[in-house]
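Visitor: I would like to go through the labels given to this model. Please set each one against its cut-off.

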Amino acid sequence: NKYNINIMFGKTLVIAPHLDDETIALGGTIKKITKSKLEIHVLIIGGHLPPLYKKEDYIITKKESFRALRKLGVKNYHYLDLPATQFHKEHYQTMNNNMYKIIKKVNPKTVFIPFPDRHIDHRTVFDCAMVNTRPNKKKYPNYVLSYETLSETHWNAPYIEPNFVPDFFVNIDKTIESKLKAIKSYKSQIKGNSSRSLLSVKALAKFRGSQNGCEYAEAFKLIRAII
């Protein structure tokens, strides 16, 4: 309920590698947080930019991102505008430093970060986020959780690579429709029956809900909780 959300999450920061990751992974949780009138920030590291993609593609997706975040009730968002699949190269230090600046400025109680899965950008963002949320600074978050992202989280080599085994779940029965409406804003990214289709997103939420006695849920791996 609203009281528990306020007590648990407090001021929240969601760190997403790419435009649309935040909505696909935890759009229902984000909407639940904004409905509770909590302050939430979304930091998106990058997307389809040169050298591998056309800048025009990124501009389109960024406009879609604005619409999606508005539908989720997010008023505070930050973009680093770094090129996808290139984070681990010369952009690593830039990302690391700018991420730290935002974490320091926002001073969140809770931080959501990507699971280090098959996508190299997800692993790089995870590494930077873990460094920047270490409990060895004057201000650090009480809660750090990682989220699953269709499709990369489930394209791993089981047992050879880390498996996403969640232990923290958020009931999104009342926000699943808001999540799906927000995902529809990403028209350039959500297509047909792909692993990131509306059907796939809803199916995963249905499965996570069935594991936890509710109709729909989003799943997370709790990394740290300091009470």
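**Labels and their cut-offs**

Guide: Start with S185. S185 touches E64, R67, A68 and K71, leaving out residues up to four places away in sequence. Contact means heavy atoms within 4.5 Å. This is a predicted model: local features need pLDDT of at least 70, side-chain atom pairs count only at pLDDT 80 or more, and totals for chains, interfaces and linings use all residues. Residues are numbered from 1 along each chain as its sequence is written, and side-chain values use heavy atoms, with hydrogens and water left out.

Visitor: Why is S185 called buried?

Guide: Buried means under 20% relative accessible area, exposed over 50%, and partly exposed in between (1.4 Å probe, protein chains only). S185 has a relative accessible area of 4%, so S185 is buried. S185 is found in the loop between helix 6 and helix 7. Helices (H or I, at least four residues) and strands (E, at least two) are DSSP runs, numbered from the N terminus.

Visitor: What makes V165 count as exposed?

Guide: Its relative accessibility is 55%, so V165 counts as exposed. V165 lies in the loop between strand 5 and strand 6. The C-alpha atoms of V165 and A219 are separated by 8.9 Å. The two residues are 54 residues apart along the chain.

Visitor: Why is helix 2 called oblique to helix 6?

Guide: The axes of helix 2 (residues 21–35) and helix 6 (residues 176–183) come within 8 Å and cross at roughly 135 degrees. Axes are lines fitted to C-alpha atoms, for helices over the stretch in contact, and angles run from 0 to 180 degrees between N-to-C directions. Angles under 35 degrees count as roughly parallel, over 145 as roughly antiparallel, 65 to 115 as roughly perpendicular and the rest as oblique. Therefore helix 2 is oblique to helix 6.

Visitor: Which residues of helix 2 and helix 6 meet?

Guide: T23, I24, A25, L26, G27, G28 and K31 in helix 2 meet S178, K179, A182 and I183 in helix 6.

Visitor: Which residues touch the most other members of the largest nonpolar core?

Guide: L26, F112 and F220, of the 39 residues in that core. A nonpolar core is a set of buried Ala, Val, Leu, Ile, Met, Phe, Trp, Tyr and Cys residues joined through side-chain atoms within 4.5 Å. Helix 2 gives the largest share of this core, five residues. Apart from it lies another core, of 19 residues, including I113 and V125.
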